[in-house]
Amino acid sequence: MFRQCLFAAIVATGVSACGSITRGTSEVITFTSTPAGAAMTTSTNRTCPRTPCSLDVPRSEEFDATFTLPGYRPQTVPVRTKLAGSGAAGFAGNLLAGGVIGMGVDAYNGAAFDHVPNPVIVTLVPEALPSAARVHRPRGRPGV
């Protein structure tokens, strides 16, 4: 009886320390543009028809987000993963209770990672300067 209770306590501790369970394997990422209303497409074929928007993305997925809006230059932002503080705690908890298997699972499914940047914010640049900002040269010969 004592062994069964001890085993159950060890398993419960191992599961609670696992990043896959405490943090989940996906993360919500917010995409914002100035001006608003740009279409956003990722290199992994996820899309938002208009910004601002949010997508639930697997924590292990790295991608490039491209924003497009008529009259503005397209802009691409790389979104990468990094070991997060709370993810590292769950990952380290595997050392105590989850063992190598728990560490392998968290590393494989990305539970120990966060996306950077999040939120993804861009300021789109117009394709051409407004006509008032264009420089007009005087006609005729120089110096006359």
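# Strands and salt bridges in a predicted protein chain

In this predicted model, strands β5 and β6 run antiparallel and are joined by 5 bridges, where strands are DSSP runs of E with at least two residues, helices are DSSP runs of H or I with at least four residues, and both are numbered from the N terminus. Two strands count as paired if DSSP finds at least two bridges between them. Strands of a sheet pair through backbone hydrogen bonds, either parallel or antiparallel. β5 and β6 form a hairpin with 6 residues between them, and glycine 71 in the turn has a positive phi of about 90°. Phenylalanine 67 has glutamine 75 in β6 as its bridge partner.

Residues are numbered from 1 along each chain as its sequence is written, and side-chain values use heavy atoms, with hydrogens and water left out. Because the model is predicted, local features need pLDDT of at least 70 and side-chain atom pairs count only at pLDDT 80 or more, while totals for chains, interfaces and linings use all residues.

## The chain as a whole

The protein chain holds 3 helices and 8 strands, and from the N terminus on these elements follow the order α-α-β-β-β-β-β-β-α-β-β. Of the 144 residues in the protein chain, 30% are buried, where buried means under 20% relative accessible area, exposed means over 50%, and partly exposed lies in between (1.4 Å probe, protein chains only). The protein chain exposes about 9200 Å², of which carbon and sulfur atoms supply 62%; this area comes from the Shrake-Rupley method with a 1.4 Å probe. Among contacts (heavy atoms within 4.5 Å) between residues at least 6 apart in sequence, 64% join residues at least 24 apart.

## Strand pairing

An open sheet of 3 strands has the order β4-β1-β8, with mixed pairing. Its edge strands, each pairing on one side only, are β4 (53–58) and β8 (120–123). Strand β1, residues 26–34, pairs with β4 in the antiparallel sense over 6 bridges, and within this part of the model isoleucine 29 stands opposite leucine 55 in β4.

Strand β6 also pairs with β7: these two run antiparallel and are joined by 4 bridges, with aspartate 114 in β7 as the bridge partner of lysine 82.

## Salt bridges

The structure holds 4 salt bridges, each being a side-chain nitrogen of Lys or Arg within 4 Å of a carboxyl oxygen of Asp or Glu. Three of these pairs are set out here.

| Pair | N to O distance |
|---|---|
| Glutamate 27 and arginine 59 | 4.0 Å |
| Arginine 46 and glutamate 61 | 2.9 Å |
| Arginine 80 and aspartate 64 | 3.1 Å |

The side chains of glutamate 27 and arginine 59 meet in a salt bridge. Glutamate 27 lies in strand β1 and arginine 59 in the loop between β4 and β5 (63–68), so this pair ties together parts that are 32 residues apart in sequence. Both glutamate 27 and arginine 59 are buried, and a network of salt bridges links Glu27, Arg59 and Asp114.

Arginine 46 forms a salt bridge with glutamate 61. Since arginine 46 lies in the loop between β2 (39–42) and β3 (47–48), and glutamate 61 in the loop between β4 and β5, the pair ties together parts that are 15 residues apart in sequence. Arginine 46 counts as partly exposed at 27% relative accessibility, whereas glutamate 61 is buried at 16%.

Arginine 80 forms a salt bridge with aspartate 64. Arginine 80 lies in strand β6 (residues 75–83) and aspartate 64 in strand β5, so the pair ties together parts that are 16 residues apart in sequence. Arginine 80 is partly exposed at 35% relative accessibility, and aspartate 64 is partly exposed at 27%.

Leaving aside neighbours within four places in sequence, glutamate 61 is in contact with Thr44, Arg46, Thr81 and His115.

Proline 117 lies in the loop between β7 (113–116) and β8 and is partly exposed, with a relative accessible area of 30%. Not counting residues up to four places away in sequence, proline 117 touches Val77, Pro78 and Val79. Proline 117 and arginine 80 are 37 residues apart in sequence and 7.4 Å apart in space, C-alpha to C-alpha.
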